[in-house]
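Here's a friendly walk through the fold you're about to see. Take a look at the picture, then read on.

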Amino acid sequence: MHTQHRHKNGVLLIGYENQENLGLRSIIAALRKNGHKAELQPFYPGNNQTVLEAINKLNPSLIGFSLIFQFTLEYFADLMRYLRIHGVTTHFTAGGHFPSLRPAETLELIPELDSIVRFEGEESIIDIYTQLEKPTDWSEIPGIAYRNGNRIIQTPLRPLIENLDDIPTVVRDESGTTTGGIKTAYMLASRGCHFNCSFCSIRQFYGTAHGKLRRTRSPHHVAEEMRELFTRSNVRFFSFQDDDFAARSPAQKQWIGEFLKELRKNGLSEKIKWKISCRVDDVEPLLFQEMASHGLFAVYLGVESGNETGLKTLNKQTSVRQNLQAIETLKEMHFALSAGFMLFDPSSTFASVKENVEFLSAIGNDGYFPINFGKMLPYAGTPIEQELRIKGRLKGTLTHPDYDFLDEDLDWYAFLVQKLFAKRNFGSDGVTALLGTDFEYRIAAAFELYNSPELAAAIKQNISLSNALAVRTLRKLLDAIASMGAEALLREENTIISIADDEWTGETQITVQNSKLRQKLHDAIETANLQQSENQQNKES
């Protein structure tokens, strides 16, 4: 156990910052409110040296790591090992979904770790920090796990924070994050979710400790933070990270109504745009029209499956008809749109996968948004992970859990799909880039920074080509395995090579075209921003 500091030198929190890490920034705000020094160091695989330099500069008394999901464990284990080898003896603690749900396993997997902060961290980390030199008192700190010799001690869970308004507003940097040339900030209005989708650990994370399954900040509190960011930093686009912003309960509908009134009262409704994530059964036309009139601009939709069996397996409590209706409604309202979708889940058969492919074709053929798809992964603590373990189907490693299907040919199909679409679906130049170009254009147009119907049509056409190509490849591979069987297809090789060549050649052409469109967009946005800046200077002079 590492407790060597006699003088408190503050806390350094380390985690991913692809977007603003609101969890760590909230903990920093809580530490600072209580008079403690606290800083954030962004981490990504490969910047171990940068993290070490930050530690040597700050010499913190406590270092916390944000291990949100288990697939990051290996990266953080490597980082901690690197830091220990290079002489860092500071107390290491960690939080996040996997450490909270599996504290003993995390401590065993990463011997460099000294403790775990379980579930919400704002209060527990303060207690660890203030009692660093009193390990005999740690058993009295609720909501943590720690080493005591060869034993791992788990203290009683700390109840969830009842009133989220009591948590100080997250600490932010003047990072200059922009989307389509517009200053952007990430927001959180609630914590938790009322639903219990079998593949999701949100319910387990917020439902294990005592407290409400979903808690919200007051509408006034959220709108006031947005007003402050708008006034101080000219932030005009807000991306809400809530797991289910538009929850359809009467209480949440009332919350949304009050929130919209607060936006209007603060003079923001006509000046800002915002994005939410929600379920398909949250999409009520009148409610969404009202939100749109107050700046709602973009929606991430948790669709997940295009067949009834898959939806039941995932415990979505929705139907294919609802999926299609929600997507159509959002298109008709002209929202920027993206969707989560799992081509494969543990119940998958060739018939259900074919239904999913046809569903993707139906929603993607118009090029309104780029379709994306993957395999459902059984994350630790989820109901589906437990079910697969009981049935003896859980395989893979702790950091990369997996499962087989009940049809070996389908295993091969899923394997080939993963190989064929790895770059398209998960590479930075694939769907992410297509979505980025579309989204940035929509933002720029919405704020009248740049508007070109020709460019909009070209972006949509390129997305349509990408969607059609993906569906065509999925169908070709399905037909090939159906007619030949996986074993004969693999042995014959030429068919797979031909399918792969068509897909990758098409992807390359789409990527090149997207790069050209994106460059044209960025040049136009830069010119518009320069013009605005010149106009502002002329006004001031």
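## Helices on the sheet

Helix H2 (residues 48-58) lies across strand S1 (11-15), S2 and strand S3 (62-66), and runs at about 165° to S2. Next to that, helix H3 (residues 73-85) packs on the sheet, where H3 touches S1, S3 and strand S4 (91-95), and its direction makes about 160° with that of S3. A few terms: helices (H or I, at least four residues) and strands (E, at least two) are DSSP runs, numbered from the N terminus. Contact means heavy atoms within 4.5 Å. Axes are lines fitted to C-alpha atoms, for helices over the stretch in contact, with angles from 0 to 180 degrees between N-to-C directions.

Keep in mind that this is a predicted model: local features need pLDDT of at least 70, side-chain atom pairs count only at pLDDT 80 or more, and totals for chains, interfaces and linings use all residues. Residues are numbered from 1 along each chain as its sequence is written, and side-chain values use heavy atoms, with hydrogens and water left out.

## The open sheet

So what's the strand order? The open sheet has 7 strands, ordered S2-S1-S3-S4-S5-S6-S7, with mixed pairing (two strands pair if DSSP finds at least two bridges between them). Strand S2 (38-42) and strand S7 (151-154) stand at the edges with a single partner strand each, so one side of each is left without a neighbour in the sheet. From one strand to the next, the twist averages 25°.

Strand S5 (residues 115-117) and strand S6 (residues 144-148) run antiparallel and are joined by 3 bridges. Val 117 has Ile 144 as its bridge partner in S6.

## Further along the chain

S12 and S13 run parallel, joined by 3 bridges, and Ser 239 stands opposite Lys 275 in S13. Strand S13 (residues 273-279) is mostly covered, with 5 of its 7 residues buried (under 20% relative accessible area; exposed is over 50%, partly exposed in between, using a 1.4 Å probe and protein chains only).

S13 also runs parallel to strand S14 (residues 296-304), with 6 bridges joining them; Cys 278 has Leu 301 as its bridge partner in S14.

## A loop residue to look at

Arg 248 sits in the loop between strand S12 (237-240) and helix H9 (250-265). At 35% relative accessibility, Arg 248 counts as partly exposed. Which residues does Arg 248 contact, leaving aside its neighbours within four places in sequence? They are Phe 195, Lys 253, Arg 279, Asp 281 and Asp 282. Arg 248 and Asp 282 are 34 residues apart along the chain, yet their C-alpha atoms are separated by 5.4 Å.
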